[in-house]
Amino acid sequence: SSDALSGFHAKEPERTGRHRSMFPDPKEMKEQMRAQMVRPDYDVAEFYKERGFCQWIARHGNFEKMTLVVIGLNAIWIGVDTDFNHASVLLDAQPVFQIAEHAFCTYFLFEWTMRF
């Protein structure tokens, strides 16, 4: 289910005699849509502490950009690793694969630590 449609819930169809409505009530759909449009955007930074070094880093725009770059590089690396690393476990892989995996793991641990 899509987040954009998550707030829409069709009511039990009204029964009029032997027939019942196939479509939800348009007025109710409009109200639900208005409620979705005025709902504030989700921002994880609202859960961060107000003061401190870690929250400063986590809120910094460069930290967000760097994290997106690392996520993109990790996605590319997964493809490279899948094609060229024939070892069944990381300990048996060539050093370049081990170093890359540990580097990504280190960055993501750092990111998680700064955010939470």
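This is a predicted model: local features need pLDDT of at least 70, side-chain atom pairs count only at pLDDT 80 or more; totals for chains, interfaces and linings use all residues.
Residues are numbered from 1 along each chain as its sequence is written, and side-chain values use heavy atoms, with hydrogens and water left out.

By salt bridge I mean a side-chain nitrogen of Lys or Arg within 4 Å of a carboxyl oxygen of Asp or Glu. How many salt bridges does that rule give? The count is three.

Let's start in helix H1, residues 26-38, where Arg 34 and Glu 31 sit three residues apart, about one turn of the helix. Helices here are DSSP runs of H or I with at least four residues, numbered from the N terminus. The closest N and O atoms of this pair are 3.1 Å apart. Arg 34 is partly exposed, at 47% relative accessibility; that label covers values between buried (under 20% relative accessible area) and exposed (over 50%), using a 1.4 Å probe and protein chains only.

Now to Arg 115, which is buried at 13%. Its side chain meets that of Glu 64 in a salt bridge, 3.1 Å from N to O. Glu 64 lies in helix H3 (residues 61-84) and Arg 115 in helix H4 (residues 95-115), so this pair ties together parts 51 residues apart in sequence. Glu 64 is partly exposed, at 34%.

Arg 115 also has a salt bridge with Glu 111, at 2.9 Å. Those two share helix H4, four residues apart, and Glu 111 is buried at 15%. Through shared partners, Glu 64, Glu 111 and Arg 115 join into one network.
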